[in-house]
Amino acid sequence: EKLELVDGKVNWKGETAVKHKHGGLRAALFVLLAFAFENLANLHLAVNLTTYFNGILHFEVSDAANALTNFMGTGYILSIIFAVFADTYIGRFKSILISGSVEFLGLALLTAQAHYSSLRPPPCNVFDPTSRCEKLESSDTVFLYVALYLVAAGMAGIKASIPSHGADQFDEEDPREAKTMSSFFNGLLFALCIGGAVSLTLYVWLDDHKGWDVGFGVSAIAMFVALIVAVLGWPLYRIHVVQGSSVLLELIQVFVAAIRNRNLKLPENPLELYEIDKDKEAALEDDFLPHRDVYRFLDKAAIKTASEKPNPWKLCRVTQVENAKILLGMTPVFACTIIMTLCLAQLQTFSVQQGLTMDTTIVGSFHIPPASLPIIPVVFLIFIIPFYDQIAVPLLRKVTGHVTGISHLQRIGVGLILSSISMATASIMEVKRKSVARDHNMLDALPVLQPLPISVFWLSFQYFIFGIADMFTYVGLLEFFYSEAPQGLKTVSTCFLWTSMALGYYLSTILVQIVNRATKHITNSGGWLAGNNINKNHLNLFYLLLALLSLVNFCVYLFVSSRYKYRSKN
C-alpha cells in the first residue's frame, strides 16, 4: 500500500493521494476540458479585438494593434506572479478557481460596455477619410482597461496553473505515467485547438454579426462552464502540497550569496561545499541534487566559513545552487523563443487587417470573417496532434530512444525555423495582395465594403505554416521547462513559455513604433505601418524584416541548444 502513495500530493480531503485512485489520465481529462472551455472563452479576443478597437472604439490601426499586444503581453507576464503565489501560498488548484473567477468578471464588464451605448463612442466609419469619428471618453477608457486587464489577470492565472496542475496528475518517476504525461502536454494544445476552433468561427461570427455584447456574453458563459468542469474533477485530483516557502526567493539568495562570496576560493573537492545531512532531515530524495561542474561561479554561494553563523543570504546548500544553475541554463533557450511570439503577434493583428481588404467569400453568399483565418492551422492541428502523439512519437521513440520521440530542444528548433518561413511567406502574400490593389486601381478601396478581387485564403499559407510551428515550439517549451525545472518551481517554469510570449508581444509594440519612426520620412504614408490604409503601407517589408530576424534567432538557438546539458534525473 505504501508503494501506491504519491509523495508530495494529497487528495481533496488533504490525505496523501493514492496512485490508482487519484490522478492519472482520468483526472487530467477534467483539466484539459476546463482548458478547452477557457480557450473557447478568450481565443477570439486574440484575433478579433483589433476589429473592436478599430471599428467600434475608433482606435487607429497601429494603436489597435498595440492595444491588443499590450493586453496579450500583460496576460502572459502576470502569469509569473500567479505562479509564485500558486507554488508558495494558495496552491495550483485554488489558483485556477480564483483566476477563472477574475476572468469571468472581466468578460462580464466587457459585455456591459459593448451593450450600453453610453459607455462607447457613437457609430462611425473610421475607414472613410471624410468622417470625423469621436474617440472614447476618459471615463469609458478607464472602464475598458479595467475590464480588459481583469481578463488579462484571469488568463495569466489559468495559464500559470493549468499546465502544472495537469502534469501533477502524473508521476515522473513511473515510466508508464511519464509517457502519459508527455501525451498530456500534447493534449493541452489539442484542447486549445478544440476550444479555439469554435471560438475562431462561431464566436468571431457572433462578434461581427450579432454584436460584440453577444460575443463577450457567450465568452463569459464559457468561462463559467470552465470553472464548473474544473470543480467537478476535484475528488479525482492529486493536489500539490504548498511548501510555504518560495523557491524563487531561495534562487535569489544563491545569486546574492555568490556575489557576496566572490572573493572566496572554491574548494577543489565539491564535497566540501555546504549541504544538509540527508540522514538528519525528513526530506524527500527529490530535495537533493548532485553537484554539476557548470556555472562554477555560483558554487561560491555554498562555500562554508567557520567564522560566522549560517546566513541564507551568504551560505546556500548545494541543491539550492544546482536549482539556480538549472534556471540559468534554461534562460538562453527561453530568450531564443521571444522572436517567435513577435511573429505570432503580426498574424493576430496586421494579417487580420489584410483580410478585411480581401474577398472573404467561401461559397455563394457565405463569407469567412478575416479574424477566423487561424482556424486553418487549428483544424489541421486537430488531426495532426493525435497522429503525432499516437503514431509519430512511438515510431521516433524506437529510433531515438527518447520517451518523447525527439528531444525537447529539437522540437523547439523545428518550430523556430518554421516561424521564419511563415513570415517570409507572409511577405510574398502581401506583395501579391498589393499588386492586385494596384492593378485594379483600388489602393483607396474601403476595407470590407470594397473587397479586392483576391481570395482571403491566400493568407492561409502563413497561418498554416505557423500553426505547425506552434505544435513543435510551444508544446516543446512547456514540456522542456516542466521536465527540467526544480521540484518547487514547476508552476513558475511553465510560465517561462508565457513570459516569453509576453515579451514577444511587448517587443511587437516597440518594434512597430521603432519601424514607423525610422521610416517616417522615407515613405509617403508616414511610415511602413502608419495610418489606416494598409494598401499604401509597406507591410511586406515589415514581414521580410521579421523573417530575417527569425532566421538569425534560429542560428543563435542552434548554438545555445548545442551547449545545453539536461539535468540529471537521479
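The chain is divided into domain 1 (5-240), domain 2 (247-322) and domain 3 (328-563), with bounds from an automatic or database domain assignment.

Reader: What kind of model is this, and how are residues numbered?

Author: This is a predicted model, in which local features need pLDDT of at least 70, side-chain atom pairs count only at pLDDT 80 or more, and totals for chains, interfaces and linings use all residues. Residues are numbered from 1 along each chain as its sequence is written, and side-chain values use heavy atoms, with hydrogens and water left out.

Reader: How far apart do the C-alpha centres of domain 1 and domain 3 lie?

Author: Those centres are 21 Å apart. The contact (heavy atoms within 4.5 Å) takes 56 residues from domain 1 and 55 residues from domain 3.

Reader: And how much area do domain 1 and domain 3 bury between them?

Author: About 4,800 Å², with 67% of it on carbon and sulfur atoms. Buried area is the accessible area (1.4 Å probe) that two parts lose on being put together, summed over both.

Reader: How many salt bridges cross the interface of domain 1 and domain 3?

Author: The rule, a side-chain nitrogen of Lys or Arg within 4 Å of a carboxyl oxygen of Asp or Glu, finds zero salt bridges there.

Reader: Which helix gives the most to the side of domain 1 that touches domain 3?

Author: H6 does, with 17 residues. Helices are DSSP runs (H or I, at least four residues), numbered from the N terminus.

Definitions and conventions: Helices (H or I, at least four residues) and strands (E, at least two) are DSSP runs, numbered from the N terminus.
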